Each structure stands twice: as structure tokens, then as C-alpha cells.
2 protein chains.
Amino acid sequence: MAKKSGSPTVASKTDGKTLDKKSARTRVRILDAAAQVLSAKGYAGMRLSDVAEVAELQAPAIYYYFPSRDDLIEEVMWVGLADMRETLAKALDAAPADATALERILIAVETHLRHELEISDYTTAAIRNAGQLPDHIRDRHDAEEKKYGAVWRDLFKQAAEADELREDLDPYLAQMLVMGTINWTAEWWQPNRATIDRVVANAQSYVRAALAA
Amino acid sequence: MAKKSGSPTVASKTDGKTLDKKSARTRVRILDAAAQVLSAKGYAGMRLSDVAEVAELQAPAIYYYFPSRDDLIEEVMWVGLADMRETLAKALDAAPADATALERILIAVETHLRHELEISDYTTAAIRNAGQLPDHIRDRHDAEEKKYGAVWRDLFKQAAEADELREDLDPYLAQMLVMGTINWTAEWWQPNRATIDRVVANAQSYVRAALAA
DNA sequence: TGAATCCGTGAAGCCCGATTAGAATCCGGG
DNA sequence: CCCGGATTCTAATCGGGCTTCACGGATTCA
């Protein structure tokens, strides 16, 4: 609970202001609080009074930074995905040039998992609430989700073309099963049950064996 | 969307009444509608007026059958898990006596998946909302969830003892990863994308390879 | 036929939570 | 020290959604 945002995206992608201005920091505090509450209570269950309490201010102050509750939520959801996608893209760029397609998938598994578990309430909020959003918020979120999915789709396509996936797996279904494997961790993982390193190691071993031809 | 309950549990475990009485059928209609809406909108987002509309009656009529909104939700959540557990128990009982521990896990994968995808909004409601419940409803649900988890835990314990799991997997983590693999399907599967049979076949292949020593 | 019970409706009551209005406070520059 | 904008607060409005209430049509049974 109550992970930090740790995300450069929150400030940088969102508007031009920098973090040193107090007002920008307050904005981030609100966003962080919203991510935390949203992740725990769901779209309809998130109350501005809860957010305000976590952010240590009064609810109406939120309106100084966001035009409405839905705008706040939309931004949290979007940042969650966009941030995740950037992190993943960076990690893949940093991979050794001779990495196999399967190895790249395992890098993605690790990156996704670490980001989800240690960094960001934004991501878990985005994951958990994707299905419950009303249509008007869903659009932007769906677009971003599609982009994120595309990164993964490429990974699986390349693995399939390089014959690194077992024959009896459909690449699309395999992708979804892998994403389930890692997305679901947010629902059960707790720091005292197993270290992140152990979860990552087990998940990588599991996925590698599941996919490898 | 809008799957049927198909569940004997709804009527039988819930009270003594039988389905032939019109009132009992109305009660089930409300429960089915609640499962459907709950699964789509989440705990806080489920409105009694939505449920009433799906069940084709007026909202206050719900109070003839359930003391409160929370009681209705609690029953949906509980039925979802209890029903799933019974189905799984039956499927495992019906397994051939000489099935290996790993084969039994694969039976569980298929049973869970088919139940989740083709039968029950109750189960998806239970899965999706487990994290968002307020404490007073959570108790009964947690108890039931623990029971369901225990069935799986046994499966993995036996597999581990029979050396059918790869050495570098922790049985507990492996269990959670498998449950993620299958629980997550509810989030993405749609009938037009792939048949249930194909999903089941891929998931079984995936899990077998992931786990098998 | 009449009465008891079951089922369900329509019209409020009431509380909670988003939002708005308007005032108070804070803070850097003159 | 004092002003003006930036920031935040308190108080009030407003609508939506759960719940209650009192009533009526049906169905059953004597």
C-alpha cells in the first residue's frame, strides 16, 4: 500500500511545470493520493475526501488543480500506463543487441513486475480499474493500453517468427497468459510473503519454461 | 456479458426454497442481475436501479428478498466462490485414480477456466471485487476464499512432494502464478477472439510446461 | 365469497459526496 | 510594511441512490 510514484512522467508528461514549485509538488501529492485510493477502492469507490485526507488538504483544494473528479481519475489511469510503457521501452532498448526474442520477453516480465510491485500505485490503479471505467474516460485509456499491448505483441511476434515459442501455443493467447501471470501479482503479493527478487525469479523461470520451444 | 448462473448453489445453498415457486425464481433473477452488474461496475459502482433494470422489476422490490444492498452483494460474492469450489471438488473427485499430481492441476485449470468463462458472472464478480470490499463484507468472503485456495494448495503440495514441479519454483509462488494465468482470462477473453476450447488447450499447455519437472 | 398472505409498486425521506461561492491566508517583490 | 496573486479553507448547494412506507393487485385456502 501507499507506494510512491517515483515517476518522472507524473510531472514531466503532464504539464510543463517543474517539481521545485510548491504548487507542482502539491499537484503530485494529490495525484499520488488519488492513485493510492483508486487502486484500493475502485473507480466508483474513490471519494475526493479520501484523496484529500491522504494528500493532507481539504477536498475543495483539489479543484484548484483538476477541473473534476473524472479528470483526476483519467490522469491517474493514463499516467499509470504511459509510465509503464516508457519504462519498458527503455529497458528493452538497454537490452544487449544479441538478446534472443525470448530473453527480451523475460526482460519485459521483470520490468513490468518490478514496476508494478515496487514503484507504482498508478499502474495497479490502471490495471484494476480498466474494466470499470465509464465510456467517456475509457477512450484515452484504451488508446494508451493498445500502445502498451503493441509493445508486447511485437515481442511475441518476433519470438514466434524465430521459432522460440512452442508450437502448440498461439502467440496471442500466450501473450495474454503471460500478462495474466504478471498482472495478477498485484492482487496477492505482499512484501512480507516473498521478496520482489524471488517473485521475479520465479516468474521468469515460470514464463521461460511455459513458452520456450 | 450476461452469462447465466447455471448454478445449483444459488438456490440450494442459499435457502431451503425450491426453484418452482415464482418467488424463488425472482430471487434468482435478482441475484443473477446483481452478479452481472457487480462484475461490470465493481462494488461501489453497482446501483440497485441497474440491478432492478436487468432483473426487470423496480428497485424497492429487491428489499422484499434482501435486507440491504450489502447483503445482496455479500451473497453474490459468496456464491461465486462456493460454487466454484464445489465444481472443482467434483471435477477432482471424478479424476482417474492414477492421475498424477500435475494432471490433477491441469484438471483444475480446465475446470476453473470453463467455469469462469462460460458459466458464471458470480465468479468474475467475486474475483474482480475481492480487493475492493469494505471490511464488514470481506470476512465471509475471505473465509470462503481461503477454503478455495486450500484446494489448490493441496494440489501443489502433492505435486511438489511427488517431485513433479521444477526445482527452481517455489510451490506457493507457482500456485499464485498459475492462478493469475487463469484468473486474468476474465479480463480479456471474448467469445469472438478465441473459443473456450482453444483457451483451455493453450492454458493447459502453458501451465504444464511452466511447472513440469 | 372473504380473508390472509405473497409480491410488487410509487412516492417520499434522508444521507453522502461532488461541486461551487466566497472569504481567509500565505508569500515574494516593491 | 503592504499589495496582489496564488493557494487553501469554510460554508452552502445540489443531485443521486439507498431505504422506508403505505398501499393495491393477485393468489390461495377455507
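Biologist: How many nonpolar, polar and charged residues does the surface near DNA strand D have?
Modeller: This is a predicted model, and the count covers the residues around DNA strand D, 15 in number. Among those that come nearest are A:Ser23 and A:Gln58 from chain A, and B:Leu48 and B:Arg69 from chain B. By class, the surface has eight nonpolar, five polar and two charged residues.

Biologist: Which elements give two or more residues to the surface near DNA strand D?
Modeller: The residues that come nearest to DNA strand D include A:Ala61 and B:Leu48. The elements that give two or more residues are α2 (22–41) of chain A and α3 (48–55) of chain B.

Biologist: Which element supplies the largest share of the surface near DNA strand C?
Modeller: Around DNA strand C there are 17 residues, and A:Arg69, B:Ser23, B:Gln58, B:Pro60 and B:Ala61 come nearest. By class, this surface has eight nonpolar, five polar and four charged residues. At least two residues each come from α3 (48–55) of chain A and α2 (22–41) of chain B. The largest share, three residues, comes from α2(B).

Biologist: Which elements do the buried residues of α7(A) pack against?
Modeller: Helix α7 (residues 121–129) of chain A has nine of its nine residues buried, so it is largely enclosed by the rest of the structure. The buried residues include A:Asp121, A:Tyr122, A:Ile127 and A:Arg128. They pack against these elements of chain A: α2, α5 (69–93), α6 (101–119), α9 (171–183) and α10 (185–188).

Biologist: Are α6(A) and α8(A) roughly parallel or roughly antiparallel to each other?
Modeller: Two packed helices are described by the angle and the distance between their axes. The axes of α6(A) and helix α8 (residues 135–161) of chain A come within 8 Å and cross at roughly 155°. The crossing is left-handed. Angles over 145 degrees count as roughly antiparallel, and α6(A) and α8(A) are therefore roughly antiparallel.

Biologist: How do the residues of the contact of α6(A) with α8(A) divide by class?
Modeller: From α6(A) come A:Ala101, A:Leu102, A:Arg104, A:Ile105 and A:Ala108. In α8(A) they meet A:Trp152, A:Leu155, A:Gln158 and A:Ala159. The residues of this contact divide into seven nonpolar, one polar and one charged.

Biologist: What classes of residue does the side of chain B that touches chain A have?
Modeller: In chain B, 32 residues are in contact with 32 residues of chain A. On the chain B side, α9 (171–183), α10 (185–188) and α11 (196–211) each supply at least two residues. By class, that side has 16 nonpolar, ten polar and six charged residues.

Methods:
Residues numbered from 1 in each chain as written. Chains lettered and ligands numbered in written order. Predicted model: local features only at pLDDT ≥ 70, side-chain atom pairs only at ≥ 80, totals over all residues. Near = placed C-beta within 6 Å. Helix = DSSP H or I, 4+ residues; strand = E, 2+ residues; numbered from the N terminus. Nonpolar A, V, L, I, M, F, W, Y, C, P; charged D, E, K, R; others polar. Buried ≥ 20, exposed ≤ 12 C-beta atoms within 10 Å, placed from the backbone. Contact = placed C-beta atoms within 7 Å. Axes fitted to C-alpha atoms, helices over the stretch in contact; angles between N-to-C directions. Parallel < 35°, antiparallel > 145°, perpendicular 65-115°, else oblique. Left-handed = near helix turned anticlockwise from the far one by under 90°.
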